[in-house]
Amino acid sequence: MDIEVNYKNKKRYKTAKYPMHQGLFWTWLIWLLSKIALMGKKYKVETIGMDGLKPPYMLLSNHMHFIDFELTAQATYPYPVSNVVSIDGYVVKWFLLEWIGAIATRKFTTDIHLVKSIRHVLKRGDILAMYPEARYTPCGTLAFLPDSVGKLIKMNKVPVVAVVHHGNHLYAPFWDFRHKRKVPMHTQLKQILTPEQIEDMTVSEINETLRRELTYDEYRYQKENGIRITESFRAEGLHKILYQCPHCKTEFQMDSKGTELFCNACSKRWNWNEDGYLQALSGETEFDHIPDWFAWERQQVSRQIESGEYHFDDEVEVFSLPRVWRYIPLGKAKLTHSIENGFTLEGHYRGQRYFIHRQTAQTNSLHVEYDFGPLKKFDYVDISTENDSFYCRPSKPNQITKLAFATEALYLRSQKQKTQKA
Ligand SMILES: [Zn+2]
(Lines give C-alpha, C1' and ligand atoms only; values in the text may rest on other atoms or scores of the structure.)
Protein backbone atom coordinates (compact mmCIF):
# COMPACT_ATOMS: atom_id res chain seq x y z
CA MET A 1 0.00 0.00 0.00
CA ASP A 2 1.16 3.50 -0.82
CA ILE A 3 1.81 5.94 1.97
CA GLU A 4 1.14 9.38 0.58
CA VAL A 5 3.43 12.37 0.99
CA ASN A 6 2.72 14.54 4.00
CA TYR A 7 2.01 17.76 2.11
CA LYS A 8 1.05 20.89 4.00
CA ASN A 9 -1.66 21.54 1.41
CA LYS A 10 -3.52 18.32 0.74
CA LYS A 11 -5.25 19.53 -2.43
CA ARG A 12 -4.50 17.93 -5.82
CA TYR A 13 -4.92 19.14 -9.35
CA LYS A 14 -8.07 17.49 -10.58
CA THR A 15 -7.57 15.67 -13.87
CA ALA A 16 -10.98 13.99 -13.59
CA LYS A 17 -13.00 16.73 -15.20
CA TYR A 18 -14.33 17.45 -18.67
CA PRO A 19 -12.27 19.76 -20.88
CA MET A 20 -13.62 23.14 -21.93
CA HIS A 21 -14.66 23.74 -25.51
CA GLN A 22 -11.95 25.58 -27.46
CA GLY A 23 -13.45 28.89 -28.56
CA LEU A 24 -13.00 30.04 -32.17
CA PHE A 25 -10.70 32.83 -31.06
CA TRP A 26 -8.32 30.30 -29.49
CA THR A 27 -8.44 28.05 -32.57
CA TRP A 28 -7.49 31.04 -34.69
CA LEU A 29 -4.78 32.22 -32.29
CA ILE A 30 -3.18 28.77 -32.07
CA TRP A 31 -3.14 28.54 -35.86
CA LEU A 32 -1.62 32.01 -36.16
CA LEU A 33 1.04 31.56 -33.46
CA SER A 34 1.99 28.18 -34.95
CA LYS A 35 2.30 29.75 -38.39
CA ILE A 36 4.58 32.43 -36.97
CA ALA A 37 6.66 29.85 -35.09
CA LEU A 38 7.12 27.87 -38.32
CA MET A 39 8.33 30.90 -40.26
CA GLY A 40 11.74 30.43 -41.84
CA LYS A 41 11.54 26.62 -41.49
CA LYS A 42 11.19 24.28 -44.43
CA TYR A 43 8.04 22.20 -44.03
CA LYS A 44 5.17 20.68 -45.95
CA VAL A 45 1.79 19.58 -44.58
CA GLU A 46 -0.07 17.12 -46.77
CA THR A 47 -3.52 15.53 -46.35
CA ILE A 48 -4.70 12.23 -47.86
CA GLY A 49 -8.26 10.94 -48.00
CA MET A 50 -9.56 13.83 -45.92
CA ASP A 51 -11.65 15.67 -48.51
CA GLY A 52 -15.01 16.49 -47.01
CA LEU A 53 -14.02 15.05 -43.62
CA LYS A 54 -15.57 17.10 -40.84
CA PRO A 55 -15.21 16.62 -37.07
CA PRO A 56 -15.74 14.70 -34.93
CA TYR A 57 -12.72 12.55 -35.61
CA MET A 58 -9.65 11.25 -33.80
CA LEU A 59 -6.16 12.34 -34.71
CA LEU A 60 -3.45 9.90 -33.72
CA SER A 61 0.01 11.27 -34.18
CA ASN A 62 3.59 10.15 -33.82
CA HIS A 63 5.52 12.36 -31.44
CA MET A 64 8.93 13.96 -31.71
CA HIS A 65 8.94 17.54 -30.50
CA PHE A 66 6.62 20.41 -29.61
CA ILE A 67 6.72 21.45 -33.26
CA ASP A 68 4.36 18.50 -33.97
CA PHE A 69 1.49 20.56 -32.50
CA GLU A 70 2.31 23.57 -34.67
CA LEU A 71 2.42 21.52 -37.85
CA THR A 72 -0.81 19.64 -37.11
CA ALA A 73 -2.60 22.94 -36.35
CA GLN A 74 -1.94 24.00 -39.96
CA ALA A 75 -4.07 21.12 -41.22
CA THR A 76 -6.89 21.08 -38.67
CA TYR A 77 -7.72 24.80 -38.84
CA PRO A 78 -10.50 26.12 -38.62
CA TYR A 79 -11.80 23.31 -36.38
CA PRO A 80 -11.13 23.21 -32.63
CA VAL A 81 -8.87 20.46 -31.32
CA SER A 82 -8.70 19.00 -27.82
CA ASN A 83 -5.23 17.60 -27.11
CA VAL A 84 -4.41 15.02 -24.47
CA VAL A 85 -1.53 16.62 -22.55
CA SER A 86 0.78 15.32 -19.82
CA ILE A 87 0.39 17.03 -16.44
CA ASP A 88 3.89 18.56 -16.54
CA GLY A 89 2.78 20.54 -19.59
CA TYR A 90 0.38 22.34 -17.22
CA VAL A 91 2.98 23.74 -14.85
CA VAL A 92 2.58 27.53 -14.57
CA LYS A 93 0.41 27.78 -17.72
CA TRP A 94 -2.38 25.47 -16.52
CA PHE A 95 -5.14 28.06 -17.07
CA LEU A 96 -4.06 28.48 -20.70
CA LEU A 97 -4.27 24.74 -21.33
CA GLU A 98 -7.70 24.64 -19.73
CA TRP A 99 -8.89 27.46 -21.97
CA ILE A 100 -7.73 25.72 -25.13
CA GLY A 101 -9.64 22.59 -24.17
CA ALA A 102 -6.69 20.32 -23.37
CA ILE A 103 -7.19 17.13 -21.37
CA ALA A 104 -4.69 16.60 -18.54
CA THR A 105 -3.41 13.15 -17.68
CA ARG A 106 -0.66 11.62 -15.59
CA LYS A 107 1.47 9.47 -17.85
CA PHE A 108 1.19 5.69 -17.83
CA THR A 109 -1.40 5.52 -15.09
CA THR A 110 -4.87 4.01 -15.19
CA ASP A 111 -6.79 7.19 -15.91
CA ILE A 112 -10.43 6.19 -16.11
CA HIS A 113 -11.65 9.72 -16.60
CA LEU A 114 -9.43 10.18 -19.66
CA VAL A 115 -11.67 7.76 -21.55
CA LYS A 116 -14.75 9.75 -20.50
CA SER A 117 -13.17 13.07 -21.49
CA ILE A 118 -12.25 11.72 -24.93
CA ARG A 119 -15.80 10.52 -25.45
CA HIS A 120 -17.12 13.89 -24.30
CA VAL A 121 -14.98 15.81 -26.82
CA LEU A 122 -16.06 13.58 -29.71
CA LYS A 123 -19.73 13.69 -28.74
CA ARG A 124 -19.45 17.46 -28.72
CA GLY A 125 -18.30 17.26 -32.35
CA ASP A 126 -14.64 18.33 -31.93
CA ILE A 127 -11.35 16.85 -33.01
CA LEU A 128 -9.56 14.76 -30.40
CA ALA A 129 -5.78 14.68 -30.81
CA MET A 130 -3.65 12.09 -29.08
CA TYR A 131 -0.05 11.02 -29.16
CA PRO A 132 -0.52 7.34 -28.34
CA GLU A 133 3.21 6.74 -27.83
CA ALA A 134 2.84 9.31 -25.02
CA ARG A 135 6.40 10.56 -25.34
CA TYR A 136 8.84 12.08 -27.75
CA THR A 137 10.49 9.29 -29.71
CA PRO A 138 13.95 8.57 -28.26
CA CYS A 139 15.48 7.15 -31.44
CA GLY A 140 13.27 8.25 -34.33
CA THR A 141 11.11 5.14 -34.56
CA LEU A 142 7.69 4.15 -33.24
CA ALA A 143 7.76 3.67 -29.48
CA PHE A 144 5.52 1.35 -27.46
CA LEU A 145 1.88 1.59 -28.60
CA PRO A 146 -0.59 0.39 -25.96
CA ASP A 147 -3.43 -1.92 -27.03
CA SER A 148 -5.88 0.30 -25.19
CA VAL A 149 -5.82 2.73 -28.15
CA GLY A 150 -7.62 0.16 -30.31
CA LYS A 151 -10.29 -0.23 -27.62
CA LEU A 152 -10.76 3.53 -27.51
CA ILE A 153 -11.30 3.64 -31.27
CA LYS A 154 -13.72 0.73 -31.20
CA MET A 155 -15.67 2.42 -28.42
CA ASN A 156 -16.05 5.80 -30.14
CA LYS A 157 -16.59 4.75 -33.78
CA VAL A 158 -15.51 8.04 -35.34
CA PRO A 159 -13.11 8.39 -38.31
CA VAL A 160 -9.43 8.01 -37.43
CA VAL A 161 -6.73 10.16 -38.98
CA ALA A 162 -3.08 9.15 -38.66
CA VAL A 163 -0.60 12.00 -38.47
CA VAL A 164 2.93 11.01 -39.39
CA HIS A 165 5.60 13.65 -38.96
CA HIS A 166 8.98 13.23 -40.60
CA GLY A 167 12.10 15.24 -39.89
CA ASN A 168 10.95 16.67 -36.55
CA HIS A 169 13.16 14.26 -34.58
CA LEU A 170 16.13 15.05 -36.81
CA TYR A 171 15.43 18.75 -36.32
CA ALA A 172 15.31 18.44 -32.50
CA PRO A 173 16.23 14.97 -31.18
CA PHE A 174 14.67 14.32 -27.77
CA TRP A 175 18.10 13.75 -26.17
CA ASP A 176 19.48 17.10 -27.43
CA PHE A 177 16.34 19.08 -28.17
CA ARG A 178 17.86 22.46 -27.28
CA HIS A 179 20.11 22.40 -30.34
CA LYS A 180 18.18 22.48 -33.57
CA ARG A 181 19.47 21.03 -36.81
CA LYS A 182 18.54 22.35 -40.24
CA VAL A 183 16.18 19.70 -41.62
CA PRO A 184 13.15 19.87 -43.93
CA MET A 185 9.98 18.60 -42.24
CA HIS A 186 7.11 16.73 -43.77
CA THR A 187 3.75 16.06 -42.10
CA GLN A 188 1.16 13.73 -43.56
CA LEU A 189 -2.43 13.45 -42.33
CA LYS A 190 -4.27 10.45 -43.68
CA GLN A 191 -7.70 9.07 -42.91
CA ILE A 192 -6.98 5.42 -42.08
CA LEU A 193 -10.28 4.20 -40.64
CA THR A 194 -13.91 5.04 -41.34
CA PRO A 195 -16.70 4.31 -38.80
CA GLU A 196 -17.93 1.49 -41.08
CA GLN A 197 -14.48 -0.16 -41.12
CA ILE A 198 -14.19 0.17 -37.34
CA GLU A 199 -17.58 -1.53 -36.95
CA ASP A 200 -16.34 -4.57 -38.91
CA MET A 201 -12.90 -4.84 -37.26
CA THR A 202 -11.72 -6.44 -34.04
CA VAL A 203 -9.68 -4.43 -31.54
CA SER A 204 -6.52 -6.29 -32.50
CA GLU A 205 -7.12 -5.63 -36.20
CA ILE A 206 -7.50 -1.94 -35.38
CA ASN A 207 -4.25 -1.99 -33.41
CA GLU A 208 -2.50 -3.73 -36.29
CA THR A 209 -3.68 -1.04 -38.70
CA LEU A 210 -2.51 1.66 -36.31
CA ARG A 211 0.93 0.14 -35.94
CA ARG A 212 1.29 -0.21 -39.70
CA GLU A 213 0.18 3.35 -40.43
CA LEU A 214 2.13 5.00 -37.62
CA THR A 215 5.41 3.18 -38.22
CA TYR A 216 8.25 5.50 -39.08
CA ASP A 217 12.02 5.59 -39.12
CA GLU A 218 13.61 9.02 -39.13
CA TYR A 219 17.08 7.87 -40.14
CA ARG A 220 15.74 5.95 -43.10
CA TYR A 221 13.71 9.04 -44.03
CA GLN A 222 16.92 11.05 -43.84
CA LYS A 223 18.84 8.68 -46.10
CA GLU A 224 16.03 8.15 -48.61
CA ASN A 225 15.61 11.88 -49.02
CA GLY A 226 19.32 12.60 -49.23
CA ILE A 227 19.19 14.91 -46.20
CA ARG A 228 22.65 15.79 -44.85
CA ILE A 229 22.97 16.98 -41.28
CA THR A 230 26.19 18.94 -41.27
CA GLU A 231 26.04 20.52 -37.79
CA SER A 232 29.37 19.89 -36.07
CA PHE A 233 27.63 19.06 -32.73
CA ARG A 234 25.26 16.51 -34.22
CA ALA A 235 26.31 13.51 -32.09
CA GLU A 236 26.29 15.34 -28.74
CA GLY A 237 23.80 13.68 -26.42
CA LEU A 238 23.47 10.49 -28.47
CA HIS A 239 25.08 8.49 -25.61
CA LYS A 240 21.92 9.14 -23.56
CA ILE A 241 20.06 6.59 -25.66
CA LEU A 242 23.05 4.54 -26.84
CA TYR A 243 24.26 3.88 -23.30
CA GLN A 244 25.73 0.42 -23.82
CA CYS A 245 28.88 -0.28 -25.81
CA PRO A 246 28.28 -3.04 -28.37
CA HIS A 247 32.03 -3.77 -28.44
CA CYS A 248 32.88 -4.36 -24.75
CA LYS A 249 29.20 -4.51 -23.57
CA THR A 250 29.85 -2.04 -20.71
CA GLU A 251 26.79 -0.02 -19.73
CA PHE A 252 26.65 3.69 -18.87
CA GLN A 253 30.21 4.47 -19.95
CA MET A 254 29.30 5.88 -23.34
CA ASP A 255 29.81 9.56 -24.10
CA SER A 256 29.70 11.89 -27.08
CA LYS A 257 31.39 15.02 -28.41
CA GLY A 258 31.14 16.83 -31.72
CA THR A 259 30.28 14.27 -34.38
CA GLU A 260 31.61 11.30 -32.36
CA LEU A 261 30.24 8.73 -29.96
CA PHE A 262 32.71 6.81 -27.78
CA CYS A 263 33.05 4.29 -24.98
CA ASN A 264 35.10 5.35 -21.95
CA ALA A 265 35.61 1.71 -20.94
CA CYS A 266 37.25 0.35 -24.11
CA SER A 267 37.90 3.61 -26.00
CA LYS A 268 36.13 2.48 -29.16
CA ARG A 269 34.84 5.43 -31.22
CA TRP A 270 32.14 5.88 -33.88
CA ASN A 271 31.53 8.84 -36.14
CA TRP A 272 27.99 9.90 -36.90
CA ASN A 273 28.10 10.66 -40.58
CA GLU A 274 26.15 13.44 -42.28
CA ASP A 275 23.74 10.91 -43.80
CA GLY A 276 22.54 9.83 -40.32
CA TYR A 277 24.47 6.54 -40.18
CA LEU A 278 27.22 5.51 -37.78
CA GLN A 279 30.69 4.29 -38.65
CA ALA A 280 33.29 2.80 -36.29
CA LEU A 281 36.61 4.66 -36.49
CA SER A 282 38.46 1.36 -36.04
CA GLY A 283 37.36 -2.25 -36.44
CA GLU A 284 33.88 -3.46 -37.12
CA THR A 285 30.84 -1.17 -37.24
CA GLU A 286 28.47 -3.17 -35.02
CA PHE A 287 25.45 -1.03 -35.88
CA ASP A 288 25.34 1.69 -38.49
CA HIS A 289 21.62 2.34 -37.96
CA ILE A 290 20.79 3.97 -34.60
CA PRO A 291 17.41 2.18 -34.11
CA ASP A 292 19.23 -1.18 -34.48
CA TRP A 293 21.67 -0.33 -31.68
CA PHE A 294 18.71 0.84 -29.59
CA ALA A 295 16.80 -2.42 -30.26
CA TRP A 296 19.89 -4.44 -29.33
CA GLU A 297 20.09 -2.67 -25.96
CA ARG A 298 16.43 -3.46 -25.36
CA GLN A 299 17.20 -7.16 -26.00
CA GLN A 300 20.10 -7.03 -23.53
CA VAL A 301 17.73 -5.74 -20.84
CA SER A 302 15.16 -8.44 -21.64
CA ARG A 303 17.89 -11.04 -21.28
CA GLN A 304 18.92 -9.65 -17.89
CA ILE A 305 15.29 -9.94 -16.82
CA GLU A 306 14.98 -13.51 -18.07
CA SER A 307 18.15 -14.56 -16.28
CA GLY A 308 17.01 -12.80 -13.10
CA GLU A 309 20.02 -10.50 -12.85
CA TYR A 310 18.14 -7.26 -13.57
CA HIS A 311 17.93 -4.89 -10.63
CA PHE A 312 18.13 -1.13 -10.12
CA ASP A 313 18.47 0.91 -6.99
CA ASP A 314 19.73 4.39 -6.48
CA GLU A 315 19.44 7.45 -4.32
CA VAL A 316 17.38 9.96 -6.27
CA GLU A 317 16.46 13.62 -5.91
CA VAL A 318 12.67 13.94 -6.03
CA PHE A 319 10.36 16.72 -7.17
CA SER A 320 6.65 16.08 -7.08
CA LEU A 321 3.63 17.55 -8.82
CA PRO A 322 0.47 17.03 -6.76
CA ARG A 323 -0.85 20.28 -8.20
CA VAL A 324 0.33 22.23 -11.21
CA TRP A 325 1.43 25.51 -9.62
CA ARG A 326 5.00 24.36 -9.16
CA TYR A 327 7.22 21.34 -8.51
CA ILE A 328 7.68 20.55 -4.84
CA PRO A 329 11.22 19.51 -3.82
CA LEU A 330 10.96 16.39 -1.65
CA GLY A 331 14.70 15.93 -1.22
CA LYS A 332 16.49 12.61 -1.45
CA ALA A 333 14.73 9.25 -1.61
CA LYS A 334 15.43 5.64 -2.52
CA LEU A 335 14.18 4.39 -5.87
CA THR A 336 14.27 0.69 -6.69
CA HIS A 337 13.13 -1.25 -9.73
CA SER A 338 13.01 -5.02 -9.57
CA ILE A 339 11.67 -7.94 -11.58
CA GLU A 340 9.11 -9.07 -9.03
CA ASN A 341 8.22 -5.81 -7.37
CA GLY A 342 8.32 -3.10 -10.04
CA PHE A 343 9.05 0.41 -8.78
CA THR A 344 9.24 1.50 -5.19
CA LEU A 345 10.03 5.02 -4.05
CA GLU A 346 10.69 5.64 -0.41
CA GLY A 347 11.55 8.89 1.33
CA HIS A 348 10.69 11.37 4.04
CA TYR A 349 8.93 14.70 3.85
CA ARG A 350 8.00 17.02 6.70
CA GLY A 351 8.96 14.42 9.25
CA GLN A 352 6.95 11.58 7.78
CA ARG A 353 7.80 8.60 5.64
CA TYR A 354 6.20 8.18 2.24
CA PHE A 355 6.19 5.05 0.10
CA ILE A 356 5.06 4.70 -3.50
CA HIS A 357 4.74 1.34 -5.18
CA ARG A 358 4.00 0.66 -8.86
CA GLN A 359 3.69 -2.98 -9.78
CA THR A 360 5.02 -4.17 -13.11
CA ALA A 361 1.49 -4.72 -14.46
CA GLN A 362 0.41 -1.21 -13.45
CA THR A 363 2.56 0.74 -15.82
CA ASN A 364 3.14 -0.25 -19.44
CA SER A 365 5.89 2.27 -19.97
CA LEU A 366 8.04 4.88 -18.24
CA HIS A 367 8.01 8.63 -18.69
CA VAL A 368 11.63 9.78 -19.09
CA GLU A 369 12.99 13.29 -19.65
CA TYR A 370 16.48 14.05 -20.91
CA ASP A 371 17.96 17.36 -19.81
CA PHE A 372 14.61 18.36 -18.32
CA GLY A 373 14.25 22.15 -18.40
CA PRO A 374 11.89 22.87 -15.49
CA LEU A 375 14.08 20.94 -13.03
CA LYS A 376 17.62 22.21 -13.48
CA LYS A 377 18.40 20.34 -16.67
CA PHE A 378 19.12 16.79 -15.53
CA ASP A 379 17.70 13.46 -16.66
CA TYR A 380 14.55 12.39 -14.85
CA VAL A 381 12.11 9.51 -14.69
CA ASP A 382 8.57 10.24 -13.62
CA ILE A 383 6.81 7.68 -11.43
CA SER A 384 3.16 8.72 -11.48
CA THR A 385 0.27 7.51 -9.41
CA GLU A 386 -3.34 8.42 -10.13
CA ASN A 387 -3.07 11.68 -8.16
CA ASP A 388 0.62 12.55 -7.92
CA SER A 389 3.78 12.52 -10.03
CA PHE A 390 7.33 12.03 -8.76
CA TYR A 391 10.16 13.29 -10.94
CA CYS A 392 13.25 11.39 -9.84
CA ARG A 393 16.79 12.31 -10.76
CA PRO A 394 19.15 9.34 -10.45
CA SER A 395 22.55 9.99 -8.90
CA LYS A 396 24.16 7.47 -11.25
CA PRO A 397 24.67 8.84 -14.75
CA ASN A 398 22.82 7.83 -17.89
CA GLN A 399 20.32 5.39 -16.35
CA ILE A 400 16.94 6.40 -17.66
CA THR A 401 16.83 4.80 -21.12
CA LYS A 402 17.53 1.41 -19.59
CA LEU A 403 14.86 1.94 -16.93
CA ALA A 404 12.32 2.59 -19.70
CA PHE A 405 13.33 -0.63 -21.50
CA ALA A 406 13.00 -2.60 -18.27
CA THR A 407 9.60 -1.10 -17.44
CA GLU A 408 8.22 -2.10 -20.84
CA ALA A 409 9.74 -5.59 -20.73
CA LEU A 410 8.41 -6.21 -17.21
CA TYR A 411 4.95 -5.03 -18.21
CA LEU A 412 4.87 -7.44 -21.17
CA ARG A 413 6.12 -10.21 -18.89
CA SER A 414 3.28 -9.52 -16.44
CA GLN A 415 0.73 -9.65 -19.28
CA LYS A 416 2.13 -12.97 -20.47
CA GLN A 417 1.92 -14.40 -16.97
CA LYS A 418 -1.66 -13.21 -16.73
CA THR A 419 -2.71 -15.02 -19.94
CA GLN A 420 -0.83 -18.16 -18.90
CA LYS A 421 -2.76 -18.24 -15.62
CA ALA A 422 -6.08 -17.64 -17.36
ZN1 LIG B 1 33.31 -0.31 -24.90
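Q: How do you know how far apart the centres of domain 1 and domain 2 lie?
A: The centres, taken over C-alpha atoms, are separated by 31 Å. The bounds come from an automatic or database domain assignment, which gives domain 1 (24-224), domain 2 (238-300) and domain 3 (311-421). The model is predicted: local features need pLDDT of at least 70, side-chain atom pairs count only at pLDDT 80 or more, and totals for chains, interfaces and linings use all residues. Residues are numbered from 1 along each chain as its sequence is written.

Q: What makes up the contact of domain 1 with domain 2?
A: Nine residues from domain 1 and nine residues from domain 2 take part, contact being counted if C-beta atoms, placed from the backbone, lie within 7 Å. The side of domain 1 that touches domain 2 has four nonpolar, three polar and two charged residues. Here Ala, Val, Leu, Ile, Met, Phe, Trp, Tyr, Cys and Pro count as nonpolar, Asp, Glu, Lys and Arg as charged, and the others, Gly among them, as polar.

Q: Why is helix 10 called oblique to helix 11?
A: The axes of helix 10 (residues 290-306) and helix 11 (residues 400-421) cross at roughly 55° and come within 9 Å. Angles under 35 degrees count as roughly parallel, over 145 as roughly antiparallel, 65 to 115 as roughly perpendicular and the rest as oblique. Therefore helix 10 is oblique to helix 11. The axes are lines fitted to C-alpha atoms, for helices over the stretch in contact, with angles from 0 to 180 degrees between N-to-C directions. Helices (H or I, at least four residues) and strands (E, at least two) are DSSP runs, numbered from the N terminus.

Q: Which residues of helix 10 meet helix 11?
A: Glu297, Arg298, Val301, Ser302 and Ile305 do, against Lys402, Phe405, Ala406, Ala409, Leu410 and Arg413 in helix 11. By class, the residues of this contact are six nonpolar, one polar and four charged.

Q: What makes strand 1 and strand 4 edge strands?
A: Strand 1 (43-48) and strand 4 (103-105) each pair on one side only, pairing being at least two bridges found by DSSP. They belong to an open, mixed sheet of seven strands in the order 1-7-6-2-5-3-4.

Q: How do you know that strand 13 and strand 14 pair?
A: Strand 13 (residues 328-338) and strand 14 (residues 342-349) run antiparallel and are joined by six bridges, which meets the pairing criterion. Thr336 has Thr344 in strand 14 as its bridge partner. A hairpin of three residues joins the two strands.

Technical notes. Two residues are in contact if their C-beta atoms, placed from the backbone, lie within 7 Å.
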